[in-house]
Amino acid sequence: LCLPSMASPGQSPAHQANPMQALLSLVYIVVSVLTVFVMTRTVSRIYLNRPISFQDSILPNSRIWGFIGSQLLIVLVLMGAAVLMGIFIGIGLTVGKGMGSAAIALAVLCGAAVVVMMVLYALRVSVAGVAAIVEGTGARASLSRSLSLTDGFCLKYFGLSILLGIITLVFAMILNLPPTPIVAVVHLTGW
């Protein structure tokens, strides 16, 4: 498949945008979201001693919209925080040129604080998708339920996430497969 170049004239072919790769990435994300939904729904019904059939587990129902909505809200909040971090650092660096290294250090500290807040928020809302599926709540209600469920367990969950990331990295190195950033997002958001 040969598609027209979408790169600027000075870019090498390795840095050109590949629409097929973007489409495959989108398909991968959609399939992974649906797979997590099906697995979570099936396991929760088995755990709660409710009857489950193959057709019940595969067919999406109205709970999928709460799940998708909660995941989209999480992504939007984290993207907003990333933009906020960029603004802090940009303002600090712009103002800091005339004021010296103290303003630059303050900008970097503000950016680091935003990164810490993003990680803590991602950990606190990591079970929002499960809450949306199991309890049948909407996007906002599942986020608030996730915040209440993870209250007091954030550091334990952070340690568990680090441990799972290390285990994933070790297995990827053993299998000689590069871990992708999508794997990190999947572990942080609970997909």
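This is a short tour of the structure, one selection at a time.

**The whole chain**

Begin with the whole protein in cartoon view, keeping in mind that this is a predicted model. The secondary structure comes to 8 helices and 0 strands, so that, from the N terminus on, the elements run α-α-α-α-α-α-α-α. If you colour the 191 residues of the protein by burial, buried residues make up 24% of them.

**An aromatic pair**

Next, select F37 and F67, and show their side chains. The structure holds 1 aromatic pair, and F37 and F67 form that pair, with 6.1 Å from centre to centre and 45 degrees between the planes, an arrangement that counts as tilted. Because F37 lies in helix α1 (residues 19-47) and F67 in helix α3 (residues 63-99), the pair ties together parts that are 30 residues apart in sequence. Are these two residues, F37 and F67, buried or exposed? F37 is buried, and F67 is buried as well.

**Where α4 meets α7**

Now select residues 101-124, which form helix α4, together with residues 154-175, which form helix α7; the two pack at an angle of about 95 degrees, and their axes are 10 Å apart. That angle makes α4 roughly perpendicular to α7. To see the contact itself, show V119, L120, L123 and R124 on the α4 side, and C154, Y157, F158 and S161 on the α7 side. Sorted by class, the contact of α4 with α7 has 6 nonpolar residues, 1 polar residue and 1 charged residue.

**One face of α6**

Move on to helix α6, residues 139-149, and pick out its buried residues, which are A139, S142, L143 and S146.

Finish with T150, which is found in the loop between α6 and α7. Its relative accessibility is 10%, and therefore T150 counts as buried, the cut-off for that class being under 20%. Which residues does T150 touch, leaving aside its neighbours within four places in sequence? T150 is in contact with L123, R124 and V127, and L123 and R124 are among the α4 residues that make the contact with α7.

Definitions and conventions. Residues are numbered from 1 along each chain as its sequence is written. This is a predicted model: local features need pLDDT of at least 70, side-chain atom pairs count only at pLDDT 80 or more; totals for chains, interfaces and linings use all residues. Side-chain values use heavy atoms; hydrogens and water are left out. Axes are lines fitted to C-alpha atoms, for helices over the stretch in contact, and angles run from 0 to 180 degrees between N-to-C directions. Helices (H or I, at least four residues) and strands (E, at least two) are DSSP runs, numbered from the N terminus. Angles under 35 degrees count as roughly parallel, over 145 as roughly antiparallel, 65 to 115 as roughly perpendicular and the rest as oblique. Contact means heavy atoms within 4.5 Å. Ala, Val, Leu, Ile, Met, Phe, Trp, Tyr, Cys and Pro count as nonpolar, Asp, Glu, Lys and Arg as charged, and the others, Gly among them, as polar. Rings of Phe, Tyr and Trp (its six-membered ring) pair if their centres lie within 6.5 Å; planes under 30 degrees apart count as stacked, over 60 as edge-to-face and the rest as tilted. Buried means under 20% relative accessible area, exposed over 50%, partly exposed in between (1.4 Å probe, protein chains only).
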